[in-house]
Amino acid sequence: MCQTFIPPTILESLARNGVESAVSSIQQSTISRRGRTPRIEMPQTAIPRHEHKTSEIIVYDCEGTWKQRVTEVLSTTGMREASPISPSISTGGPAAIGGPSQAQISAKNAMEHVRFARDFLEQYMDRKGIDGQGGTIHVNVNFGDRYNNAFWDGDELTMGTGDNRVFTDFSKSLDVISHEMAHGLVQFISPLEYVGESGALNEHFADVFGSAVQAYKRMQEGLEHDWVIGNEIMGPDLYGETLRSMESPGTAYNHRLLGHDPQPAHYADRYTGTEDRGGVHINSGIMNKAFTLVAKRVGFRAAGLIWFAGLQRLWPTACFDDAKVMIVESAREKEKANRLVRDEQLTNLTQVVRSAFAEVGV
Ligand SMILES: [Zn+2]
């Protein structure tokens, strides 16, 4: 099952409003697995454990086709840490005169972002790669023709270049890449079923990880966190809009092409229909807001670690209330262990978390 970055409801709205490239993007979301390049699949049991190994990253150029892993263009294997991004990319489509091709730029950006997210996982969450065992991370760029999406399909990341009208190249966004990597993380840690509340939790954890990685990067750059998801890939026609607001769900967009942001900010207003697999990208806003409230009080690092610990206690059909119980439990444990309370703002951690959930009605 493909976990796409742009929700189907948004693509459908774009298609209804005459954005032609949205139509092929919708169709591709359902058939991408068929177009993949055949390769030998390693059975799960045959993957060796690499307790101390860092995940390698391989970036492939799909050359504008609807197939994955067409040409390998960048790899961390053998790269020296000091110069992670090779300036001389061997292949990746014809180079434009006097500069790199779009595919080369996409590959370079994707490598940089995946590396950043991978290192964040290792340094801040003590986890080796997406699978936790240092398995290679496969990344496809330049997928399809004006493909307006990016996805995690169960074992790799794939990014389109967008139509440059509504969406731009998905590879250039750390948000997008870390969000999609997080779907992989959830799959390996607690595979929350991608439907209804468990699906909205899956989306929520992906947004939390995406924004935590983004926050860390922005902090390094001396910027405040912006609490929005997807602003980096908005094309000229959607300038000023964004896909989700973690801080104020329901306010991310209001646009003739996109329609109105349907995310509720309170459990009483949750979506109960059947679209978007029961509102997985819609109801995630409720949980996102709870995370925002906690992170603002205790900082991204502490909030992220509590959420990550909570995720590890969840099961495939968990609902919002289950997640609340497990995240509060994780907060209590951290507070008790006195690991995080050296910081003054963390002394009432459990209370902060519980009141955040109360504020959004969970
Ligand atoms: Zn997602």
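**Stop 1: α10 and its cover**

Select α10 and the elements around it: what covers its buried residues includes α7 (284–298), α8 (300–311) and α9 (320–337). Helices here are DSSP runs of H or I with at least four residues, strands are E runs of at least two, and both are numbered from the N terminus. This is a predicted model, in which local features need pLDDT of at least 70, side-chain atom pairs count only at pLDDT 80 or more, and totals for chains, interfaces and linings use all residues. Residues are numbered from 1 along each chain as its sequence is written.

Now show side chains in α10. Leu349, Val352, Val353, Ala356 and Phe357 are buried. Buried means 20 or more other C-beta atoms within 10 Å of the residue's own; exposed means 12 or fewer, partly exposed is in between, and C-beta atoms are placed from the backbone. Look down the helix axis. The buried residues of α10 fall within an arc of 130 degrees, so they line one face of the helix. That arc is taken from the directions running from the helix axis to the C-beta atoms. Just after α10, Gly361 has a positive phi of about 80 degrees.

**Stop 2: Val362**

Select Val362, in the segment after α10 (349–359). Is Val362 buried or exposed? Val362 counts as buried because it has 20 C-beta neighbours inside 10 Å. Display what surrounds it. Leaving out residues up to four places away in sequence, Val362 touches Tyr267, Ile286, Ala290, Phe320, Asp321, Lys324 and Phe357. Touching, or contact, means that the C-beta atoms of two residues, placed from the backbone, lie within 7 Å. Draw a distance from Val362 to Asp321: C-alpha to C-alpha it is 6.1 Å, across 41 residues of sequence.

**Stop 3: α7**

Move to α7. This helix is mostly covered, with 13 of its 15 residues buried. Check its length next. At 1.5 Å a residue, 15 residues should span 21 Å, and the end C-alpha atoms of α7 are 21 Å apart, which agrees. The expected span is 1.5 Å times one less than the number of residues.

**Stop 4: the six-stranded sheet**

Switch to the sheet. Six strands form an open sheet with mixed pairing, in the order β1-β5-β6-β4-β2-β3. β1 (3–4) and β3 (71–75) stand at the edges with a single partner strand each, so one side of each has no neighbour in the sheet. Two strands pair if DSSP finds at least two bridges between them.

**Stop 5: strand by strand**

Start with β2. Four of its five residues are buried. β2 runs parallel to β4, joined by five bridges, and pairs with β3 in the antiparallel sense over four bridges. Pick Tyr60: it stands opposite Asn140 in β4 and opposite Glu72 in β3.

Go on to β4. Four of its five residues are buried, so β4 is largely enclosed by the rest of the structure. Pick Val139. Val59 stands opposite Val139, and Leu157 is the bridge partner of Val139 in β6. β4 and β6 run parallel, with two bridges.

End at β5 (residues 150–152). Three bridges join β5 to β6 (residues 157–159), and the two run antiparallel. Trp152 stands opposite Leu157 in β6.

**Stop 6: colour by confidence**

Colour by pLDDT, the predictor's confidence in each residue, from 0 to 100. The chain mean is 87, and 85% of residues reach 70 or more. Where is confidence lowest, and where highest? It is lowest in helix α2 (residues 20–31), at a mean of 74, and highest in β4, at 97.

Now select residues 40–47. pLDDT stays under 50 there, and the model has three contacts beyond four places in sequence for this stretch. Residues 80–95 also stay under 50, with 31 such contacts.

**Last stop: the whole chain**

Zoom out. The chain has 10 helices and 10 strands. Buried residues make up 50% of its 362 residues. Of contacts between residues at least 6 apart in sequence, 61% join residues at least 24 apart.
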